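I opened this notebook to keep a record of what I looked up in one structure. The entries follow the order in which I went through the chain.

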Amino acid sequence: MDVASSVQTLRSGKQAQFPASATTLEFAQSLDAQDAIAHLRSEYIIPTRRSMKKTALDGTIPGQPSSQINGTASTNGTSSSNDEDEIIYFVGNSLGAQPKAVREYVNAQLETWCSIGVNGHFRTLDNSPLTSWLTMAEDCSRKFAPIMGASPDEIVTMNSLTMNLHLMMASFYKPTATRHKIILEWKPFPSDHYAIESQVTWHGLDPKKSMVQLSPDNDNFYISTEQICAAIDEHADETALLLLPGIQYWSGQLFDIPRITAHAQSKGIVVGWDLAHAAGNVELSLHDWNVDFACWCTYKYMNAGPGAIAGAYIHERHGKVTFDSETGAPIFRPRLTGWYGGDLSVRFNMDNKFLPTPGASGYQCSNPSAIDMAALSGALSVFEKTSMRQLRDKALLITAYAEYLLDDMVATEKRDIPSFRIITPRDPRERGTQLSVLLREGLLDRVQANLEEAGIVCDKRKPDVIRVAPVPMYTRFVDVWRFMETLRKTLDEE
């Protein structure tokens, strides 16, 4: 199978043509042999069967020789001959695997702190992968830029996703008596719903009247672009903000960000996107798409660690700072302010005269955690060894391969009612690296238990969905094949 031509087929929205031998281990191995970014797997630490059994810290790192504790190698649990095998980690859409660089960068941060103390704010040590603390946020924003399709000045590294959504809505959601609605989708991640609902309530409005939820028009859980645009048209005169996910976390649908953005803005609506499941997963061009603002977390496809510091994008037109010709007072888009959003030239004057940093950095409030930024910087350093196009190429093919094997499983079942169906869109342009599999009622716990017993970790969403995410940075085609063999055996037992 020619990988390059298959990728182009998928990029055009067509299905890749897999040969009859695609269900064999040898075929999966042949795809791995053609993988242009296979070397990136060595940048990550993949948990092992042994490490997954840990019940206490013992100083060991998966894949590295066991450390000696009190003269005895610690196993922290029962062991078997395959305990050192790496697990199949298909849950990077929830929490990414740990990059080896994160440990290096965090250790560099700890050494800097204990060695030069407060001077770390202004001094960059030789041989350190980090910049001074004062410029670390800007350095992370520079690394974000090619991933998000924006200039570094349009990106700010700060806070967590939900807090950034609140900060963005504080600036961009300006309801009036006539335009007060927020358009969202039917099943947002709960935190997004809470944030939107609380913003509406904060303004003294009724969520039942000010929240417009877009629901699927069929049992495939699919919301078409046409349906979204029709809802925009219907509520345009009353809508102040459209806030949608780039990828719907439950179904895995990738929305048409540029088309939806342009249509909403043509009606005078501000457009924001939650890119939690899109950042580091699919190609983005936020500046060229004219998006007003976007927010994302970094612990999924960007692999910066649980609860890692997040990012936000604000289009350059919203970050401009001008000055009143008579008073000299700065003129800028209203936002919630804090001292770290103040321009560096006056930040330490302590005179209470706020002058925002031009660009997205002017939306910062607080001093960001240097430890958090060290972890993020290390995680983003791996992205500098590839490109989003390369990652997307592999993502398209490995997800299509997973889809093919799932379809083959259903086709060869001897049941009147299939064990599952894929609810993620079939068009490869409408999904990222995730296939949401809706199991027949009552199968979820059994399937999950058997996968874990086989050393496979994937995400479950009750009552009946498993989310399979073969992240291209560290997933092999052989991993996909082995996952499918385990799932097939589990379903055969049923």
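Entry 1, around Thr386. I began with Thr386, which, leaving aside neighbours within four places in sequence, is in contact (heavy atoms within 4.5 Å) with Ile37, Leu40, Leu391 and Met473. I noted that what I have is a predicted model, in which local features need pLDDT of at least 70 and side-chain atom pairs count only at pLDDT 80 or more, while totals for chains, interfaces and linings use all residues. Residues are numbered from 1 along each chain as its sequence is written, and side-chain values use heavy atoms, with hydrogens and water left out.

Thr386 sits in the loop between α11 (370-383) and α12 (388-411); helices (H or I, at least four residues) and strands (E, at least two) are DSSP runs numbered from the N terminus. I found Thr386 buried, at 14% relative accessibility, where buried means under 20% relative accessible area, exposed over 50% and partly exposed in between (1.4 Å probe, protein chains only). Its side chain makes a polar contact of 2.9 Å with that of Gln390; such a contact is a pair of N or O atoms within 3.5 Å, and within protein one must be able to donate a hydrogen and the other to accept it, with residues adjacent in sequence counting only if both atoms are side-chain atoms.

I placed Asp35 in the loop between α2 (25-33) and β1 (44-45), and Asp35 is buried, with a relative accessible area of 14%. A polar atom of the Asp35 side chain lies 3.0 Å from the backbone nitrogen of Ile37. I also noted that the C-alpha atoms of Asp35 and Pro472 are separated by 9.8 Å, although the two residues are 437 residues apart along the chain.

The chain is divided into domain 1 (3-52 + 85-96 + 387-493) and domain 2 (135-381), with bounds from an automatic or database domain assignment. Their centres, taken over C-alpha atoms, are separated by 31 Å, and the contact takes 28 residues from domain 1 and 25 residues from domain 2. Between them the domains bury about 2200 Å², 52% of it on carbon and sulfur atoms; this is the accessible area (1.4 Å probe) that two parts lose on being put together, summed over both. On the side of domain 1, Met388, Ile423 and Glu430 lose the most area to domain 2, together 25% of what that side buries.

A nonpolar core is a set of buried Ala, Val, Leu, Ile, Met, Phe, Trp, Tyr and Cys residues joined through side-chain atoms within 4.5 Å. The largest has 72 residues, and Met302 and Met473 are among those that touch the most other members. Its largest share, nine residues, comes from α11, and this core draws at least three residues from each of domain 1 and domain 2. Apart from it I found another core, of 41 residues, including Val7 and Phe420.

I found Thr162 in helix α6 (residues 161-172), partly exposed at 24% relative accessible area. Tyr299 lies in the loop between β11 (293-296) and β12 (311-314) and is partly exposed at 25%.
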